[in-house]
Amino acid sequence: PYQLSAQALTPRYVPQLRRLPSAEPPSHLDGTLAGDYGFDPLGLGVDSDRLAWYAEAELQNGRWAMMAVAGILGSSALGVEGDWFTAGAKTYELDHFTQLAIQFPIMGYLELKRYAGFKATGSNGLVNAFPFDPAGMNSAGM
């Protein structure tokens, strides 16, 4: 049977997985983050605090994507009329500009609260709940 060694579990760069195999990865990318292949041409991860925020924001983006898939599958299973990919072509009571005028302030407020909470606690949350863990999945008993 195959056994993993401690060396196999140590974060490292695998040359064939690096974005630019001929270039050395920047010093601030050490291979410990998921998807870290040593590629940061704009130097966005130089500041470790911002890099932590970017990692947390990417987790949040993934959560939004998972909720979207659940919504798509749920509406299809419940027989809601139309396909998800044709929803943007429908005519709704509110025009696009009105929808954006409602969405921008609401999402802006939620994102600013999330960022302020992250700066204060170092974890992701919702409005004033940091960390946001309604199911208790982050408890010691889990």
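Reader: Leaving aside neighbours within four places in sequence, which residues is Asp40 in contact with?

Author: This is a predicted model, in which local features need pLDDT of at least 70, side-chain atom pairs count only at pLDDT 80 or more, and totals for chains, interfaces and linings use all residues. Residues are numbered from 1 along each chain as its sequence is written, and side-chain values use heavy atoms, with hydrogens and water left out. Asp40 sits in the loop between helix H1 (6-9) and H2; helices are DSSP runs of H or I with at least four residues, strands are E runs of at least two, and both are numbered from the N terminus. With contact meaning heavy atoms within 4.5 Å, the partners of Asp40 are Pro26, His28, Leu29, Gly45 and Val46.

Reader: Which backbone nitrogens does the side chain of Asp40 reach?

Author: A polar contact is a pair of N or O atoms within 3.5 Å; within protein, one must be able to donate a hydrogen and the other to accept it, and residues adjacent in sequence count only if both atoms are side-chain atoms. One backbone nitrogen lies 3.0 Å from a polar atom of the Asp40 side chain, and this is the nitrogen of Leu44. At 2.9 Å, the side chain also reaches the backbone nitrogen of Gly45.

Reader: How many salt bridges does a search of the whole structure find?

Author: A salt bridge is a side-chain nitrogen of Lys or Arg within 4 Å of a carboxyl oxygen of Asp or Glu. Glu111 forms one with Arg114, their closest N and O atoms being 2.7 Å apart. Over the whole structure, the number of salt bridges found is one.

Reader: Is Arg114 buried or exposed?

Author: Buried means under 20% relative accessible area, exposed over 50%, and partly exposed in between, with a 1.4 Å probe and protein chains only. Glu111 has 30% relative accessibility, so Glu111 counts as partly exposed. Arg114 has 6% relative accessibility, so Arg114 counts as buried.

Reader: In which helix do Glu111 and Arg114 lie?

Author: The secondary structure comes to three helices and zero strands. Along the sequence, the pattern is α-α-α. Glu111 and Arg114 are three residues apart, about one turn of the helix, and both lie in helix H3.

Reader: Where does Leu94 lie?

Author: Leu94 has a relative accessible area of 42%, so Leu94 is partly exposed. As for its place in the chain, Leu94 lies in the loop between helix H2 (48-78) and helix H3 (96-121).
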